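Colleague: I'm new to reading structures, and I'd like to know where the words come from. Can we go through this one together?
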Amino acid sequence: MKARAAVAWEAKKPLSIEEIEVMGPREGEVLLRTVASGVCHTDAFTLSGDDPEGSFPCVLGHEGGCEVVELGPGVKNLSVGDHVIPLYIPECGECEYCKSTETNLCQSIAGTVWTGYMPDGTRRFSKDGKDIFHYMGCSTFSEYTVVPEIALAKINKAAPLDKVCLLGCGVTTGIGAVLNTAKVKPGSTVAVFGLGGIGLSCIQGAVMAGAERIIGIDINPDKFEFAKQLGATDFVNPNEIDGSFVEYMQDTYNGGPDYSFECIGNTHVMRDALECTHMGWGVSTVIGVAGAGQTIETRPFNLVVGRTWKGTAFGGVKGRTELPGYVDRYMNGSIELDSLVTHTMPLEDINTAFDLMHEGKSIRSVIIF
Ligand code: NAD
Ligand code: DAO
Ligand code: ZN
Ligand code: ZN
């Protein structure tokens, strides 16, 4: 079938709106109509060319709200018309990782999904006979996309897809990082570095966890009002701190925050985020995705004295079993999404969404198909 899609023909170039060819679903696969898709910093990261796993040409997008259009052979638990959120981390329910309560990193199709192929090693997108890569197993910047059933969370049909699409990545990642990965305790002090869609969602998570002080940190002070609305109590612009930022945090916050979250993808900030935490028990969680070849460093002494460095993907959330509950929590008012959608636009204007992100003017842009 034909579909309108934003194609990334090569890195560092604007997306191009094309009519592409989408093949029907094969064994275990589902054809989806994308109703809405958020634009995440990771889409921009891959488009920048710094993502070692980025393959071009591709259809980016991984924060989708979709409707089931057609079932491939062997699809058991979905019906045409169901509403789903595609998962870049699937949940097969059978692998060692799915059976573990310690991780959400299902490995069932990990060998293909991160290389831009469907699990059978082929692709469903093409243009004029040239194959186009999938992206993170989702490719939600296309009007129609094909996703394996094991990478689809069936959700409440009453939920607005142009809002709950944010649960396909940013909001779930931030909340899950706080509740599942760091396991923030009530009464604690939490520092959140980077107040985009992910960082603001960490703030929501910190409120849910009962944190007492929640410090929003950003070099763009325009983000502080969003953080305040979501429950941040303190605000720090590192560019306004003279001298050592780490010392400032430790002096101002009683030895340093109990927990910190890096939501930027900057390895220098990752170091500060770890080192500013309280000696003896500080836990710092890396969420940001850093460029190819970059590494983090700190003196081992900083760990010897009781700090812990952690990381998280999709907030440790097992998508098929847990994401429907996140949607329900949005529906009953306990998760905030609406105010995070600062811009909506048609697919034709998708490059504006990237511009707004780079200019620091948006939290989340949502593409409406
Ligand atoms: P975003 O661009 O919307 O927000 C990033 C924020 O960081 C901006 O407000 C920016 O002003 C701020 N910032 C930039 N440099 C800074 C600095 N030196 N100090 C303080 N603040 C700074 O991005 P986002 O969509 O929220 O994504 C954040 C990061 O999380 C990205 O690296 C993205 O790839 C990653 N991510 C990871 C996961 C995961 O599962 N681990 C999931 C989603 C996104
Ligand atoms: O969703 O914006 C994003 C970025 C997510 C990066 C998460 C990487 C997940 C790696 C999973 C590996 C499983 C083999
Ligand atoms: Zn994302
Ligand atoms: Zn699995």
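Colleague: Let's start with one residue: in which loop does Asp128 lie?

Modeller: Asp128 sits in the loop between strand S6 (125–127) and strand S7 (130–132). Keep in mind that this is a predicted model.

Colleague: Why is Asp128 called exposed?

Modeller: We count C-beta atoms. Asp128 has 7 C-beta neighbours inside 10 Å, and the cut-off for exposed is 12 or fewer. So Asp128 counts as exposed. Its backbone deserves a look too: phi of Asp128 is near 50 degrees, a positive value in a residue other than glycine.

Colleague: Where is Asn254, and how do you know whether Asn254 is buried or exposed?

Modeller: Asn254 is in the loop between helix H8 (245–252) and strand S13 (259–262). There are 11 other C-beta atoms within 10 Å of Asn254, so with a limit of 12 or fewer this residue is exposed. Phi of Asn254 is also positive, near 50 degrees, and Asn254 isn't a glycine.

Colleague: What makes Tyr97 partly exposed?

Modeller: Tyr97 has 18 C-beta neighbours inside 10 Å. You'll find Tyr97 in helix H2 (residues 96–99). Skipping residues up to four places away in sequence, Tyr97 touches Thr103, Leu105, Cys106 and Gln107.

Colleague: And why is Leu60 called buried?

Modeller: Leu60 has 30 other C-beta atoms within 10 Å, and buried asks for 20 or more, so Leu60 qualifies. Leu60 belongs to the loop between helix H1 (41–48) and strand S4 (63–71).

Colleague: Which residues is Leu60 in contact with, leaving aside its neighbours within four places in sequence?

Modeller: They are Ala8, Asp43, Thr46, Leu47, Tyr135 and Phe141. For each pair, the C-beta atoms lie within 7 Å. Take Phe141: it is 81 residues from Leu60 along the chain, yet their C-alpha atoms are separated by 5.8 Å.

Colleague: What else is there in that loop between H1 and S4?

Modeller: Pro57 lies there. The peptide bond joining Phe56 and Pro57 is cis, with omega about 0 degrees.

Colleague: Which residues of H1 are buried?

Modeller: His41, Thr42, Asp43, Thr46 and Leu47 are the buried ones. They pack against helix H12 (350–358). After H1 comes Gly49, with a positive phi near 90 degrees.

Colleague: What makes up the largest nonpolar core?

Modeller: That core has 107 residues, and the ones with the most contacts inside it are Val59, Val164 and Val192. Its largest share, six residues, comes from helix H6 (197–209). Both domain 1 (2–168 + 337–368) and domain 2 (172–313) give the core at least three residues each. As for Val59, its contacts beyond four places in sequence include Ala5, Phe125, Tyr135 and Phe141.

Colleague: Why do you say where ligand 1 lies relative to the domains?

Modeller: Look at who supplies the shell. Domain 1 and domain 2 both give residues to the shell around ligand 1, so ligand 1 lies between them. In total 33 residues surround ligand 1, and the closest are His41, Gly194, Gly196, Gly265 and Gly288. H1, helix H5 (170–182) and H6 each supply at least two residues of that shell. By class, the shell divides into 17 nonpolar, 14 polar and two charged residues.

Colleague: How does the shell around ligand 2 divide by class?

Modeller: It has eight nonpolar, three polar and no charged residues. Among the residues around ligand 2 are Cys40, Thr42, His62, Tyr88 and Cys169.

Colleague: What does the UniProt record say about residues 27–156?

Modeller: The unreviewed UniProt entry annotates them as "domain: Alcohol dehydrogenase-like N-terminal". In the model, that stretch is 12% helix and 29% strand, with its end C-alpha atoms 25 Å apart.

Note on methods: Residues are numbered from 1 along each chain as its sequence is written. Chains are lettered from A and ligands numbered from 1 in the order in which they are written. This is a predicted model: local features need pLDDT of at least 70, side-chain atom pairs count only at pLDDT 80 or more; totals for chains, interfaces and linings use all residues. Helices (H or I, at least four residues) and strands (E, at least two) are DSSP runs, numbered from the N terminus. Two residues are in contact if their C-beta atoms, placed from the backbone, lie within 7 Å. UniProt positions are given in the numbering used here, feature names are shortened, and annotations may be inferred rather than shown by experiment. A residue is near a molecule or strand if its C-beta atom, placed from the backbone, lies within 6 Å of it. Ala, Val, Leu, Ile, Met, Phe, Trp, Tyr, Cys and Pro count as nonpolar, Asp, Glu, Lys and Arg as charged, and the others, Gly among them, as polar. Domain bounds come from an automatic or database domain assignment. A nonpolar core is a set of buried Ala, Val, Leu, Ile, Met, Phe, Trp, Tyr and Cys residues joined through C-beta atoms within 7 Å.
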